[in-house]
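User: Could you take a close look at the sheet in this structure, and at what lies around it? I am new to it, so please define the terms as you go.

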Amino acid sequence: MKNLIIGLLLLSLVITAKAQTKKINFEHLTFREALAKAKSENKLVFVDCFTTWCIPCKQMEASVFTQDSVADFYNKNFVNIKVDMEKGEGSVLKKMFTVEAYPSYLILDAEGKIRNKFVGGMSAKDFIANAKKALGISEEARLNAVYESGDRSPEFMRNYIRHKIKVMEISKAKLLNTEFMATLTPEQKASPENWFLFGENRYTMYLSDLFSPNFKYLADHWKDFAAKNTKDTVDKKLSSVYRQIASWTLNGFYAKVKPYDKATYEMYKSEIKKTEMPDKKQLLVMMDIAMAAGEKNITTVTDLFIKHLASFSEENRHILFDYYTFARTIKGYEFPKIEVLSEEISKSSSNPYLVKQFNSLKERYAPKAN
């Protein structure tokens, strides 16, 4: 009996070990070799586009590529290859297939034409579902074909732009946006069906952030948009971007994208003055704060906050978190006015985290100031 139990345990270990080694069979082939093999075997090519620093890539490899259902489906239908997008032919494929997020997955026919493309970490079920789409006509393949046929109708272009953002082809989406905008009249641009290109939504950071042509157009033609999309909707969008300008200037992100230029900030102020936003006066002060920050004038930044923060909305007062980040960039700065600033925040803010942070700064630096 003892020998039987030991034998069953050993058998169980062997079976478990085999199950754990099942995974997608990635072959050591070049891209061209993979296409040739797919053609000879009447298969498609699956390309795992990864980078060594991509955590979701590693998670997919460890927990999804090793599942039986995934391995069986991919090994049966595809010639599978992994390509590091930062090495060797990866840089060529990255440009060829507009790979701009990781992980990205390509399924191609034997001629190298895209049958489907999908992006990001996902469950085994979704990973197989996306692959199955490539066996028919996927949305990716259909939309690419329609575009190549010359269709530039507004409805199609809107869908195509949305899809390119979904698969994280951001540079392509921006080019399509430019192409589409060139075909529209001012009235059409301001229409509700095109608001997703300008408003606050999942496309904002790609198509209508503060550095985009779309935001500049919105700022210059906000009345057209307000007439068709409600003024409150447009005001919220404009306010969010001007608030972001102040925030990014204080925390240093703005300068990483574009060097500080006083004339640009004067332009922002001019744009704000032409609006009818409820927090217009606050945003003008925030631009003054941003300009002082751009010039590394911490004293002026601090004084402007002390003078005006009580009149700020809680949402606009949130940039005080960025003030702390900015102050830390000033070598040797020890918050000489922290007691006054902290007390003003305690009196006016309902944000417990903001109050707590500046009370903590007061406890640390106020004794030095005295």
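Strand β3 (residues 104-108) pairs with β4 in the antiparallel sense over five bridges, where strands are DSSP runs of E with at least two residues, helices are runs of H or I with at least four residues, both numbered from the N terminus, and two strands pair if DSSP finds at least two bridges between them. This is a predicted model, in which local features need pLDDT of at least 70 and side-chain atom pairs count only at pLDDT 80 or more, while totals for chains, interfaces and linings use all residues. Residues are numbered from 1 along each chain as its sequence is written, and side-chain values use heavy atoms, with hydrogens and water left out.

Within that pairing, Ser104 has Val119 of β4 as its bridge partner. The open sheet as a whole consists of four strands in the order β2-β1-β3-β4, with mixed pairing. Because β2 (78-84) and β4 (114-119) stand at the edges with a single partner strand each, one side of each is left without a neighbour in the sheet. From one strand to the next, the twist averages 15 degrees.

Helix α4 (residues 68-77) lies across β1 (44-50), β2 and β4, and runs at about 105 degrees to β2; here contact means heavy atoms within 4.5 Å, and angles, from 0 to 180 degrees, are taken between the N-to-C directions of axes, which are lines fitted to C-alpha atoms, for helices over the stretch in contact.

Ser138, in the loop between α6 (124-133) and α7 (139-148), is in contact with Arg115, Asn116 and Lys133, leaving aside neighbours within four places in sequence.
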